[in-house]
Amino acid sequence: MPAARYLPALLAMSTMALLACAAPEKPAAPPPQIPRIVIPSSVTRTPVMADRPIPDDCELIVPASQVAQGIGQELPGKTRMIIGVPEPSLARTAKADCYYGVPEDKSLPDAIVVVGLSTYADEPTAKDRVTESLDAERAEGATITEIDVGKQKGTLVANSQEHLVIGSLGTSTFVVRAKNGVLPDDKIASVLAGFAAQSMTVPIS
């Protein structure tokens, strides 16, 4: 009868072995995830100020809708453009002036805002023309203040009749004029600087 004494132990071991064989295998660990780098198919273009040929349409210089929005009122009349001629004595190669908000029964000097662009034979000449204009305004008692125009510097001029933002970029010069009272004093610099920056910005097609 000694064997009977070990029978329960043998049965228990057999049962454990069967359970071990019947237990499901653990699934293998998944491979590590490698992040995918997606390269954009197109590049977003940002308009920037540039020395460029003068456009032949004021809408390509500063759109009239942008002028109206900037000054906070509808523009009376029509926008008028005057194309200048080259001036070899000044080394000026081209000129254009846009008159915004000229009433039907008024003349160009009655425009609410004027934007003028000129190009010169070289960059030093363009800078000299700006300096000469500022010297003339200063001699007449105008207040001269350096301001930001886009990512570069320009000059705000305040005289007895109007405010101007003037500056140069490469071979080009720009000037934006508005009669006193068109805008509050605390907004005139930023609004005219915005028009100046737009006048030198190439539209993105």
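**Group meeting: a walk through the predicted model**

Hi everyone, let me begin at a loop: Ala91 sits between strands β1 (78–83) and β2, where helices (H or I, at least four residues) and strands (E, at least two) are DSSP runs, numbered from the N terminus. Ala91 is not a glycine, yet its phi is positive, about 60°. With a relative accessibility of 25%, Ala91 counts as partly exposed; in these terms buried is under 20% relative accessible area, exposed is over 50% and partly exposed lies in between, using a 1.4 Å probe and protein chains only.

Now some housekeeping. This is a predicted model, in which local features need pLDDT of at least 70 and side-chain atom pairs count only at pLDDT 80 or more, while totals for chains, interfaces and linings use all residues. Residues are numbered from 1 along each chain as its sequence is written, and side-chain values use heavy atoms, with hydrogens and water left out.

On to the overall layout. The chain has 4 helices and 7 strands, and along the sequence they follow the pattern α-α-β-β-β-α-β-β-β-β-α. Of its 205 residues, 33% count as buried. Contact here means heavy atoms within 4.5 Å. Among contacts between residues at least 6 apart in sequence, 56% join residues at least 24 apart.

Which residues of α3 are buried? They are Thr125, Ala126, Val130, Leu134 and Glu137. The cover over the buried residues of α3 includes β3 (113–120), β4 (143–149), β5 (152–158), β6 (162–169) and β7 (172–179). After α3 comes Gly141, with a positive phi near 95°.

By salt bridge I mean a side-chain nitrogen of Lys or Arg within 4 Å of a carboxyl oxygen of Asp or Glu. Side chains of opposite charge can pair when their charged atoms come close. Glu123 and Lys127 form one, at 3.5 Å from N to O. Glu123 is partly exposed at 37%, and Lys127 is partly exposed at 44%. Arg138 and Asp135 form another, with the closest N and O atoms 3.1 Å apart. They are 3 residues apart in α3, so again the separation is about one helical turn. Arg138 has a relative accessible area of 44% and Asp135 has 42%.

How many salt bridges does a search of the whole structure find? It finds 6. One of them joins Lys95 and Asp97, with the closest N and O atoms 3.4 Å apart. Lys95 is partly exposed at 24%, whereas Asp97 is buried at 12%.

That pair takes us to the largest pocket, which has a volume of about 480 Å³. Of the 29 residues that line it, the closest to its centre are Lys95, Asp97, Leu164, Val175 and Arg177. For the method, the search runs on a 1 Å grid over the protein atoms alone, and a pocket is an open set of points where a 1.4 Å probe fits, with protein on both sides within 12 Å along at least five of seven lines; lining residues have an atom within 4 Å of a point. The volume is the space filled by probe spheres set on the points, which are joined across faces, edges and corners. At least two lining residues come from each of β2 (92–102), β3, α3, β6 and β7. The lining divides into 17 nonpolar, 4 polar and 8 charged residues.

Next, a residue in strand β7: Phe174. Is Phe174 buried or exposed? At 1% relative accessibility, Phe174 counts as buried. Leaving aside neighbours within four places in sequence, its contacts include Met49, Leu117, Val149, Ile166, Ala196 and Met200.

Last stop, helix α4, residues 185–199. This helix has 15 residues and reaches 22 Å from its first C-alpha to its last, close to the 21 Å expected. Among its buried residues are Ile188, Leu192, Phe195 and Ala196. What covers the buried residues of α4 includes α2 (64–71), β3, β4, β6 and β7.

How values were computed. Ala, Val, Leu, Ile, Met, Phe, Trp, Tyr, Cys and Pro count as nonpolar, Asp, Glu, Lys and Arg as charged, and the others, Gly among them, as polar. The expected span of a helix is 1.5 Å times one less than its number of residues.
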